[in-house]
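Student: I would like to learn how to read the packing and strand pairing of a model. Please start with the core.

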Amino acid sequence: MSQTLTLPLLGLDETFPDQLYVLHHPASNRYGCFQHEGIHGLACFSTEEGAIRFAEWIELSGMKTNEVNFDEARELAKDRPLPVVSLMLLDAINNPKIHFVR
């Protein structure tokens, strides 16, 4: 006999914006990434301003903001080498939204 889950799963109602901003370093083809509680992910933001502020933490000059849609951001995250396993919406950097891509 199967049982019904009575408690909702956390995060299922959370969605990412359709348009996102990621940081890209064209000269090296690197992207801005972040680690939260041992999970590595491609950093993304719902505003360009958020991405620019995050770029100030990165010790690599020449970072550019790129506006991409969710599917493009997901593919960029999948193309990053391990240990990157997710796409992280960092609008609230201490409480990121995490979308696992592998």
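Tutor: In soluble globular proteins, nonpolar side chains tend to be buried together. A nonpolar core here is a set of buried Ala, Val, Leu, Ile, Met, Phe, Trp, Tyr and Cys residues joined through side-chain atoms within 4.5 Å. Buried means under 20% relative accessible area, exposed over 50%, and partly exposed in between, with a 1.4 Å probe and protein chains only. The largest such core has 14 residues, and Phe-16, Leu-20, Val-22, Leu-42, Cys-44 and Leu-87 have the most contacts inside it.

Student: Which elements give two or more residues to this core?

Tutor: They are strand E1 (19-25), E4, helix H2 (70-79) and E6. H2 gives the most, with four residues. Helices (H or I, at least four residues) and strands (E, at least two) are DSSP runs, numbered from the N terminus. Another core, of eleven residues, lies apart from this one and has Phe-34, Ala-43, Phe-54 and Met-88 among its members.

Student: What should I know about the source of these values?

Tutor: This is a predicted model, in which local features need pLDDT of at least 70 and side-chain atom pairs count only at pLDDT 80 or more, while totals for chains, interfaces and linings use all residues. Residues are numbered from 1 along each chain as its sequence is written, and side-chain values use heavy atoms, with hydrogens and water left out.

Student: With which strands does E6 pair?

Tutor: Two strands pair if DSSP finds at least two bridges between them. Strand E4 (residues 39-44) pairs with E6 in the parallel sense over five bridges, and Ala-43 has Met-88 in E6 as its bridge partner. With strand E7 (residues 97-100), E6 pairs in the antiparallel sense over four bridges; there Ser-86 stands opposite Phe-100. Of the six residues of E6 (residues 84-89), five are buried.

Student: Is Gly-32 buried or exposed?

Tutor: Gly-32 counts as buried because its relative accessibility is 3%. Its place is in the loop between strand E2 (30-31) and strand E3 (33-36). Contact means heavy atoms within 4.5 Å. Leaving aside neighbours within four places in sequence, Gly-32 is in contact with Leu-23, Leu-42, Ala-43, Ile-58 and Met-63.

Student: How many disulfides are there?

Tutor: A disulfide is a covalent bond between the sulfur atoms of two cysteines. The rule used is a pair of cysteine sulfur atoms within 2.5 Å, and by it the count is zero. Cys-44 counts as buried, at 0% relative accessibility, whereas Cys-33 counts as partly exposed, at 33%.
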